[in-house]
Amino acid sequence: MKGRRLGENGPDVSVIGLGGMPLSIQGRPDEEQAIRVIHAALDSGMTLIDTADVYCLDHDDIGHNERLIAKALAAWPGDSDRIVVATKGGLERPDGNWTRNGRPEHLRAAADASLTALSVERIDLYQLHAPDPDVPFEDSVGAIAELREAGKIDRVGLSNVSVAQIRAAEGIVPVASVQNRLSPFFREAVDGGVVEYCGENGIAFIAYSPVGGGRLNKKLPDHPAATAVAHRHRVSAHNAVLAWVLAQGPSVFIIPGARSVEHVLDSAKVADIMLSADDLLEIDTAEFSTA
């Protein structure tokens with residue numbers, strides 16, 4: 001599978017990675033099925049897996065997705081040393097809710113718990129899940145920088161951030177990646193200059209929810225622009241949209257989620273889709289309603 005460098009001086013990883021969240025939240029498959037999905041992703045050539053400590057049902061289930069990935073990697077017959085596992089800290093799941101906690105002491109404890117859940121001595125890529133409005137951003141980033149200095153993480157990433165926040169973080173620690181939402185439904189990462197900034201500064205841009213998320217992606221098979229582009233390339237409308245996201249910049253990666261082997265194998269085909277300028281323009285100028 002086609003690869004790109006994960007940040008300046010980082011490893012080459014597949015442009016398509018596996019988003020682990022659907023395997024551990026509400027509606028998740030059983031463990032045997034989930035491991036089959038992860039193995040199918042790895043067998044297809046994906047060398048990037050994205051997870052987080054909060055990909056789980058609630059506070060008592062913290063680390064579920066990390067433990068699942070560790071178990072799948074241990075049972076996979078391939079070279080697991082080639083696989084980059086990116087996790088995140090900075091959220092919590094009280095009573096199944098999603099809340100922010102960017103306090104340094106929380107991030108330190110969360111990273112230690114992720115090391116245990118992933119069964120590793122060093123985390124490949126540790127990302128601040130989201131800025132916490134109740135904590136100075138520099139304090140949260142500084143805590144992650146300290147984790148890097150302590151050898152607990154290899155590379156630092158940010159998620160759900162602006163260009164100004166990326167610049168502020170770069171004053172503290174080298175930033176390898178930025179993970180923000182990007183799809184034809186939600187283009188703020190392009191319109192706000194984040195994708196462009198990452199491309200110009202050697203930062204990997206990891207697009208999450210690249211088909212819009214669980215509710216919106218169901219609209220794609222009936223969307224005129226997505227289906228027109230898909231028809232020309234003989235692929236699904238979902239794959240046409242994934243290819244559009246990949247084409248937004250030279251440092252863009254996508255991490256579509258999957259609950260079935262069929263879905264993960266379908267997403268893997270996107271690496272071979274080359275959209276024309278007309279294809280891109282058709283999706284660029286189309287309306288993708290979130291209503």
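# Reading a predicted fold, one feature at a time

User: Is Asn 239 buried or exposed?

Analyst: Asn 239 counts as buried, because its relative accessibility is 2%. Buried means under 20% relative accessible area, exposed means over 50%, and partly exposed is in between (1.4 Å probe, protein chains only). This is a predicted model, where local features need pLDDT of at least 70 and side-chain atom pairs count only at pLDDT 80 or more, while totals for chains, interfaces and linings use all residues. Residues are numbered from 1 along each chain as its sequence is written, and side-chain values use heavy atoms, without hydrogens or water.

User: Where does Asn 239 sit, and which residues does Asn 239 touch?

Analyst: Asn 239 belongs to helix 9. Helices (H or I, at least four residues) and strands (E, at least two) are DSSP runs, numbered from the N terminus. Leaving out residues up to four places away in sequence, Asn 239 touches Asp 266, Ser 267, Lys 269, Val 270 and Ile 273. Contact here means heavy atoms within 4.5 Å.

User: How is helix 9 placed against helix 8?

Analyst: The axes of helix 8 (residues 224–233) and helix 9 (residues 237–246) come within 8 Å and cross at roughly 95°, which makes helix 8 roughly perpendicular to helix 9. Axes are lines fitted to C-alpha atoms, for helices over the stretch in contact, with angles of 0 to 180 degrees between N-to-C directions. Under 35 degrees is roughly parallel, over 145 roughly antiparallel, 65 to 115 roughly perpendicular, and the rest oblique. If you want to find the contact on screen, look for Ala 226, Thr 227, Val 229 and Ala 230 on helix 8, and for Ala 237, Ala 240 and Val 241 on helix 9.

User: How many residues does the largest nonpolar core have?

Analyst: That core has 82 residues. A nonpolar core is a set of buried Ala, Val, Leu, Ile, Met, Phe, Trp, Tyr and Cys residues joined through side-chain atoms within 4.5 Å. Ile 38, Leu 158, Ile 166, Val 178 and Phe 205 have the most contacts inside the largest core, and helix 9 gives the most to this core, with eight residues. Apart from it lies another core of eleven residues, including Val 13, Leu 48, Ala 86 and Ala 176.

User: Which residues does Val 178 touch?

Analyst: With residues up to four places away in sequence not counted, Val 178 touches Leu 158, Val 161, Ile 166, Val 194, Cys 198, Ile 203, Ala 204, Phe 205 and Ile 206.

User: Now the charged side chains, please. How many salt bridges are there?

Analyst: The structure holds twelve salt bridges. The term means a side-chain nitrogen of Lys or Arg within 4 Å of a carboxyl oxygen of Asp or Glu. One of them joins Asp 50 and Lys 88, with N to O at 2.7 Å. Asp 50 lies in strand 4 (residues 48–50) and Lys 88 in strand 5 (residues 84–89), so this pair links distant parts of the chain, 38 residues apart. Asp 50 is buried at 2% relative accessible area, and Lys 88 is buried at 1%.

User: What about Asp 112 and Lys 152?

Analyst: They form a salt bridge too, with the closest N and O atoms 2.8 Å apart. Asp 112 lies in helix 3 (residues 104–118), and Lys 152 in the loop between helix 4 (137–149) and strand 9 (153–159), so the pair ties together parts that are 40 residues apart in sequence. Asp 112 is partly exposed at 34%, and Lys 152 is partly exposed at 28%. Another salt bridge joins Glu 105 and Arg 103, whose closest N and O atoms are 2.6 Å apart.

User: Which loop holds Ser 251, and how far is Ser 251 from Arg 4?

Analyst: Ser 251 lies in the loop between helix 9 and strand 12 (252–254), and is buried at 11% relative accessible area. Ser 251 and Arg 4 are 247 residues apart in sequence, yet 7.0 Å apart in space, C-alpha to C-alpha. Neighbours within four places aside, Ser 251 is in contact with Arg 4, Cys 198, Gly 199, Ile 203, Ala 204 and Phe 205.

User: What is the phi of Asp 95?

Analyst: Asp 95 has a positive phi of about 55°, although it is not a glycine. Asp 95 is in the loop between strand 6 (91–92) and strand 7 (99–100), and counts as exposed at 76% relative accessibility. Ser 209 also has a positive phi, near 50°; its place is the loop between strand 11 (204–208) and helix 8.
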